[in-house]
Amino acid sequence: MADTFQTQIVAILPKLRVQALALTRNRAQAEDLVQDAVCNALGARDSFIPGTNFAAWMHRILRNRFISDLRKRRATTDIDDLPGDMLSSKADHEDRLAVKDLSFALARLPADQREALVLVVLQGMSYQELAEATGCAVGTAKSRVFRARRQLEAWMMGELPESDRLRQQAMALRHEVEERRKHFDNRPVVTNAAVV
């Protein structure tokens with residue numbers, strides 16, 4: 001049983017990392033969270049019932065550990081900070097700005113909606129598995145994903161309150177793109193022809 005248990009843990013690590021990153025929005029904290037969750041799972045392996053959904057069990061352990069850690073450091077955690085390394089991309093400038101807009105919008109979602117969206121959309125979890133992993137009803141899981149998608153769509157289409165910090169950041173990024181386009185369009189054309 002120990003071999004199978006450890007094999008299952010190793011197999012689910014990538015999905016745990018995605019879930020942890022969605023919850024923490026910080027790579028270092030996500031790695032720590034996964035490590036802590038795995039330690040918790042190893043310590044509680046006798047409570048796992050073989051034949052039940054191992055992935056849901058692990059996702060729930062990780063989520064519970066995150067909530068526990070969050071309660072411990074609630075006073076010192078600034079959940080509005082967005083790590084810059086999540087925004088790194090080798091794509092062109094406009095693509096990077098679109099990724100930043102999306103990252104700002106994702107960061108603005110309530111944690112339960114963000115987690116549900118990541119687990120269903122990125123990891124391909126079913127609503128039933130999401131419900132088991134997060135300890136809610138299937139209808140609640142569906143509702144969280146639906147609300148997250150609808151809110152992201154609204155934000156990405158520019159439907160944000162004027163006073164919202166996210167909108168201000170997105171507007172500043174869009175303004176920067178427009179200024180760069182203007183600068184690019186107004187540059188003199190250089191040819192390879194020799195000057196006589």
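Student: How many aromatic pairs does the structure hold?

Tutor: The structure holds 6 aromatic pairs. Rings of Phe, Tyr and Trp (its six-membered ring) pair if their centres lie within 6.5 Å; planes under 30 degrees apart count as stacked, over 60 as edge-to-face, and the rest as tilted. This is a predicted model: local features need pLDDT of at least 70, side-chain atom pairs count only at pLDDT 80 or more, and totals for chains, interfaces and linings use all residues. Residues are numbered from 1 along each chain as its sequence is written, and side-chain values use heavy atoms, with hydrogens and water left out.

Student: Take Phe5 and Phe54. Stacked or edge-to-face?

Tutor: Edge-to-face, because the planes are at 85 degrees, with the ring centres 5.5 Å apart. Phe5 sits in helix H1 and Phe54 in helix H3, 49 residues apart, so the pair links distant parts of the chain. Helices here are DSSP runs (H or I, at least four residues), numbered from the N terminus.

Student: Is Phe5 buried or exposed? And Phe54?

Tutor: Phe5 is buried, at 2% relative accessible area. Phe54 is buried too, at 6%. Buried means under 20% relative accessible area, exposed over 50%, partly exposed in between (1.4 Å probe, protein chains only).

Student: Which residues form the aromatic cluster?

Tutor: Phe5, Phe48, Phe54 and Trp57 form one cluster.

Student: On to the largest nonpolar core. Which residues touch the most other members?

Tutor: Leu16, Phe54, Trp57, Met58 and Leu62, out of 21 residues. Such a core is a set of buried Ala, Val, Leu, Ile, Met, Phe, Trp, Tyr and Cys residues joined through side-chain atoms within 4.5 Å. H1 (2-24), H2 and H3 (54-72) each supply at least two residues. H1 gives the most, with 8.

Student: What is Leu62 in contact with?

Tutor: Leaving aside neighbours within four places in sequence, Leu62 contacts Leu16, Gln19, Ala20, Leu23, Leu33, Val34 and Ala37. Contact means heavy atoms within 4.5 Å.

Student: Which residues of H2 are buried?

Tutor: Ala30, Leu33, Val34, Ala37, Val38 and Ala41. Down the axis of H2, they fall within an arc of 135 degrees, so they line one face of the helix. The arc is taken from the directions from the helix axis to the C-beta atoms.

Student: What's on the face turned away?

Tutor: The exposed residues Ala28, Gln35 and Gly43.
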